[in-house]
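Colleague: I would like to learn how to read a few features of a model, beginning with the backbone. Could you take me through them one at a time?

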Amino acid sequence: MANRDELVICEHCDCVFEKLTLARHQTAHCSRCGGVLQRYNGLSIEQRLALSLTALVLWVFANFYPVMSISLKGLKSSATLWDSVLALSLGPITFIALVAAISIIIAPLFQLLLLCWVLAFGLRQRRAPGFCLCMRWLESLRPWSMLEVCLLGALVAVFKLAGMLEVIPHIGLFALAVLALLLIRIAGRDVRELWVLP
C-alpha cells in the first residue's frame with residue numbers, strides 16, 4: 001500500500017491514485033471522470049513566496065498610482081483604480097462599484113496575503129495557523145479575482161480614447177499588467193504539496 005503522502009484524490013469523483021512525477025507541460029487526468037489530478041509545477045515554495053511578495057508590491061503600485069491620464073486642450077485628468085470605483089459608486093449603479101472593488105482590489109489583495117501567509121510557514125516546512133481555512137478562502141477567492149478583465153478593459157479604453165484625446169499610460173497600468181500575469185502564474189498553480197506538511 002502506498003504512503004498517504006504519495007496519493008492524490010480526484011476532487012470531482014473521489015477516486016484515489018498514486019502521485020506521478022510529471023515533466024514540463026504534463027497533466028495527469030482521472031481515468032474515471034477525466035478531471036485534472038495533477039499539473040506540472042515548476043515553482044518551489046521559495047519561488048512562489050518571492051513572486052507573491054513581488055505581486056504585493058505591484059498591487060500597491062497598481063492601486064495607488066495613476067493608471068492613465070488624459071488631456072484635451074490643456075485640461076488634464078488622471079485616475080487610479082480607486083478613483084474608478086469611486087466614480088462608479090456616485091452613479092445609479094452602486095452595486096457594480098462594489099463588485100468592481102471586490103474583483104479588482106479586495107479579492108487579489110486577500111489572495112496575495114493568504115498566499116504569503118501559507119507559503120511563509122511552508123518555507124519552514126510547517127502548516128500555517130488556520131491552514132485549512134486559508135486554503136478554503138484561496139479556492140473561494142480565485143473566481144472573484146478578475147485583474148485580467150480589468151487590464152483588458154483599461155487597454156481597450158486606452159486604444160479607444162487615443163483617437164480623440166491624448167492618452168498617457170502611467171506606472172499603475174504597467175503594474176496592473178505585471179500583477180495580472182503574476183497572479184495567473186502563482187494563484188493558478190497546484191498547492192497540494194502544502195497539504196502534506198506537518
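Colleague: Where is the place of Q125?

Modeller: Q125 sits in the loop between helix 3 (94-123) and helix 4 (131-141), where helices (H or I, at least four residues) and strands (E, at least two) are DSSP runs numbered from the N terminus. This is a predicted model, in which local features need pLDDT of at least 70 and side-chain atom pairs count only at pLDDT 80 or more, while totals for chains, interfaces and linings use all residues. Residues are numbered from 1 along each chain as its sequence is written, and side-chain values use heavy atoms, with hydrogens and water left out.

Colleague: What is phi of Q125 near, and is Q125 buried or partly exposed?

Modeller: Most residues other than glycine have a negative phi. Phi of Q125, however, is near 60°, a positive value in a residue other than glycine. Q125 is partly exposed, with a relative accessible area of 47%; buried means under 20% relative accessible area, exposed over 50%, and partly exposed in between (1.4 Å probe, protein chains only). D14 also has a positive phi, near 65°, and is found in the loop between strand 1 (7-9) and strand 2 (16-18). At 58% relative accessibility, D14 counts as exposed.

Colleague: Which residues is N63 in contact with, leaving aside its neighbours within four places in sequence?

Modeller: Contact means heavy atoms within 4.5 Å. With those neighbours left aside, N63 is in contact with T80, L81, W82 and I105. N63 belongs to helix 1 (residues 45-64) and, at 1% relative accessibility, counts as buried.

Colleague: How many aromatic pairs does the count come to?

Modeller: A pair of aromatic rings is described by the distance of the centres and the angle of the planes. Rings of Phe, Tyr and Trp (its six-membered ring) pair if their centres lie within 6.5 Å, and planes under 30 degrees apart count as stacked, over 60 as edge-to-face and the rest as tilted. By this rule the count comes to four aromatic pairs. The rings of W59 and F64 have their centres 6.1 Å apart and their planes at 80°, so the pair is edge-to-face. W59, F64 and W82 form one aromatic cluster, and W59 counts as buried, at 7% relative accessibility.

Colleague: Over the face of which residue does R124 lie?

Modeller: A charge sits over a ring if NZ of Lys or CZ of Arg is within 6 Å of the ring centre and within 35 degrees of the ring normal. Here R124 lies over the face of F121, at 5.0 Å from the ring centre.

Colleague: Where does UniProt place the feature "transmembrane region"?

Modeller: The unreviewed UniProt entry places this feature at residues 49-70, 90-123, 144-162 and 168-188; UniProt positions are given in the numbering used here, feature names are shortened, and annotations may be inferred rather than shown by experiment. Over residues 49-70 the chain is 73% helix and 14% strand, with the end C-alpha atoms 37 Å apart. Over residues 144-162, the chain is 84% helix and 0% strand, and the end C-alpha atoms are 30 Å apart.

Colleague: How many helices and strands are there in the protein?

Modeller: The protein has six helices and seven strands, which follow the pattern β-β-β-β-α-β-β-α-α-α-α-β-α along the sequence. The domain assignment, whose bounds come from an automatic or database source, gives domain 1 (1-40) and domain 2 (43-196), and their C-alpha centres lie 31 Å apart.
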